[in-house]
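This report is written for someone meeting the structure for the first time.

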Amino acid sequence: MAGLTDILESARRALITQRLAMSVTSHNIANVNTPGYTRQRADLVASQPLKRKAGLIGTGVTVDYIGRLRNQFIDQQVRTNNQLNGDLVAQQQYLSQIEALINEPTDVGLSSAMSKFFGSFNELAKNPDSTGIRNIVLQQGVNLTGSFKRLDQGLKKLISDTDIEIEHKLGRINQLTKEISQLDLQITSKLVDNISPNDAKDQRDLKIEELSKLVNIKVTEDGRGSTMVSVGGVVIASRAGAVELRTERVGNSLNIVSSLTGNSVNINSGELSGILKVRNTTVPDFLTKLDQIASNLINRVNSIHSSGYGLGNPPSTGNNFFTGTGSSDIDIAASILNNLNNITASSDGAPGDNAIALAIAGIENEKILNGGTTSLKQFYASLVSGLGSQINIVGNNLKMSDLVISQLENQRQAVSGVSIDEEMTNMIKYQRSFDAAAKVVNSVNELYQTILNMV
Amino acid sequence: MMRITENKFISNFLSNINRSRDRLVMLQTQIATSKRVNKPSDDPEAANKIILFQSALDRTEQYMKNISEGKSFVDATSLAIDNFTNILSEVKELLVRAKNGTQSNELSIYAKKIDQLLDESVHIANTQFNGKYIFGGTQNLQPPFVLAADRSSVSVNPSGISGAIKFAFGEGVSQTVNINGQEAFRGNQIFTDLIQIRDNMLNGQLPTALEIQAISEHFKYVTDIGGKLGSINQTIDNFEKQIESNKVNLLKLLSDFQDADIAESIVKLKQEEMTLEAAMNVGARIIPKTLLDYLR
């Protein structure tokens, strides 16, 4: 037979346990909106029974373990998808900037500047001797070279912008890896005492997750609860400490290297990768193509222009219209800027002849690119639509990736999220148990009174 | 069973509202600009076509301008040639009249009349259009014909009076729009003949049949030039018709690729508005509800 003290003891244990469970509930409710918070649960178990003649007598309840309700598998998937998502987000952001820069299809883009330039030579063909029209030709030339240079400089500015952003991202990555390795040290030292440092684990998971948006990390956990984060095979955060990443210039490209070994690190996903792709591939490709258009335009116009004659006595000849070799340095030749009469329209020096002006106006339709299969305009139009479809593909993939992530987030919330309804129900449940245990204490107290009164 | 937390309601609500607003912004831009493609990524294929069609349209408009200016030039040339043929026909009439029964003392009056017509004809041959001599060939900044001060000869511009002026009337199509002085007036042959006839009259010589025949021949020649101008005009008219129908086609194609169907966009906008409103309504009803509302 159990003594009254045993009953009192089990009631006391019940009060403490229910209170503890309530405090876990309260912690959950308090953190309902905390990013990265994982709901916790007090696992209640019946405490060690007492052995009596009649058999084992229960001694009540105790808290076995306060654990996190978290699905590691979903975490892994979220990280993988975060990397893809980050990559796409960064690409979209910068590609849209290029798109805004080229400003097509409008009547103020490069395409329109080209049309107006060639149109002005058509006007010149009709009035080869008119100074007013020569002035228009010059202005349209200035407008065209300006359009090329504006695009060229804008794209180069974009590259230097990405350089700054890459340094920012690296700074954040290095900060995160430092914090992750510190948290890991804390967690593993607690785990030795068989205590689960839930909130520190949440923090570490949150930081790893932020890191996964930035760069293609791989996370491995050893049996003792310590995590190791690596990028492209290079360990960047572990209990032993963090390894910083830094940039290194190779030619015109920017590479990411480990500051420990100086070896380059393979970045193939995450925001950092998205920016690097735009920085090292998309923008330079676009610039090369723009250069190609500019240099072909310069060469073709100059070769026709220099063979013709301007106005004057004797009419000038051999003058180029443009100077420069590409989109960065295309300009109007000084001889044209100094004297409008050096613009050539005539093929033989006769002031009324317009064969050169007509030929230059005709360059617009000439297939002078891609081995004589593509006109300047066609080349440019496909450059623009190529960018458009790249943005489209990235945008569609991003939409899909967003959906996947929100699905995963939902799944994770289903496991780890705090539900106020549920916590309130638990609260009532624990409160009732607390009330009941208090009643038991009361009853035992009455039993004691009865016994004492017998004396 | 899947646990549904309050925060899930909120994040779902927000992402739905965001998606809806995203579509609203797109529709709003379409309606405001009345364009379906405002940047290349809206429809890359269409953006490509729009740039090329727009360029083609710009060129077509340029050709139309060229055509209208070309026509004015040809019209001015035609008018001058007409006037010139009138003068030649007047000369011919005078010569016929002078030949048949003229007193030798009247010859000087005819000669004076011919001299006046010579003046007029040189003047016509030096007709200017937009500040340029239309019969000057490619040397059209100087008068092609100069009547000497002693009126004994008409010299041609030493830089030349030949050369063709071409205008672009279509892709790869350039059409000569001028008749140069060499072609129109056989160099200075006609003027030289007129001077000869005048001088012969002044010398008391009646016009000969040969002289009359020469003028008739000149008349026929210049009239043919007028006919040639007519056919140039006809050719330009044909180009104009082609270009105009081209322009109509291009405008239609451009519109097909570029323009938003406003009616459709507005209907979609209305639908989207309704969706947004419904989402807001449902969100407003569900989100604030928790068990707490019922625990008293």
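## Backbone features in loops

R186(B) sits in the loop that links α4 (181-184) and α5 (189-202) of chain B; helices (H or I, at least four residues) and strands (E, at least two) are DSSP runs, numbered from the N terminus. Its phi is near 50°, a positive value in a residue other than glycine. R186(B) is partly exposed, with 16 other C-beta atoms within 10 Å. A residue is buried if 20 or more other C-beta atoms lie within 10 Å of its own, exposed if 12 or fewer, and partly exposed in between, with C-beta atoms placed from the backbone.

In chain A, N103(A) is not a glycine but has a positive phi of about 55°. N103(A) belongs to the loop between α2 and α3 of chain A, and it is buried, with 20 other C-beta atoms within 10 Å. P105(A) is also found in the loop between α2 and α3 of chain A, and a cis peptide bond with omega of about -10° joins E104(A) to P105(A). Another cis bond runs from N313(A) to P314(A), with omega near -5°. P314(A) is in the loop between α6 and β11 (322-323) of chain A.

## Model and numbering

This is a predicted model, in which local features need pLDDT of at least 70 and side-chain atom pairs count only at pLDDT 80 or more, while totals for chains, interfaces and linings use all residues. Residues are numbered from 1 along each chain as its sequence is written, and chains are lettered from A and ligands numbered from 1 in the order in which they are written.

The predictor gives the complex an ipTM of 0.81 and a pTM of 0.83. Chain B averages a pLDDT of 91, and 100% of its residues score at least 70; pLDDT is the predictor's confidence in each residue, from 0 to 100.

## Two helix pairs

In chain A, helix α2 (residues 72-102) and helix α9 (residues 376-416) pack at an angle of about 150°, with their axes 8 Å apart. Axes are lines fitted to C-alpha atoms, for helices over the stretch in contact, and angles run from 0 to 180 degrees between N-to-C directions. α2(A) is therefore roughly antiparallel to α9(A), a term for angles over 145 degrees. The contact of α2(A) with α9(A) has 17 nonpolar, 11 polar and 3 charged residues. Ala, Val, Leu, Ile, Met, Phe, Trp, Tyr, Cys and Pro count as nonpolar, Asp, Glu, Lys and Arg as charged, and the others, Gly among them, as polar.

In chain B, the axes of helix α1 (residues 6-33) and helix α7 (residues 262-286) come within 9 Å and cross at roughly 160°. α1(B) and α7(B) are therefore roughly antiparallel to each other. Their contact has 12 nonpolar, 6 polar and 3 charged residues.

## A buried helix and the chain contact

Helix α8 (residues 355-362) of chain A is largely enclosed by the rest of the structure, because 7 of its 8 residues are buried. The buried residues of α8(A) pack against α3 (110-126) and α6 (270-305) of chain A, and against β5 (166-170) and β6 (173-176) of chain B.

The contact between the chains takes 44 residues from chain A and 45 residues from chain B, where two residues are in contact if their C-beta atoms, placed from the backbone, lie within 7 Å. On the side of chain A that touches chain B, the elements that give two or more residues are α3, α8, α9 and α10 (420-454). The largest share of that side, 16 residues, comes from α9(A). By class, the side of chain A that touches chain B has 15 nonpolar, 21 polar and 8 charged residues.

Technical notes
Angles under 35 degrees count as roughly parallel, over 145 as roughly antiparallel, 65 to 115 as roughly perpendicular and the rest as oblique.
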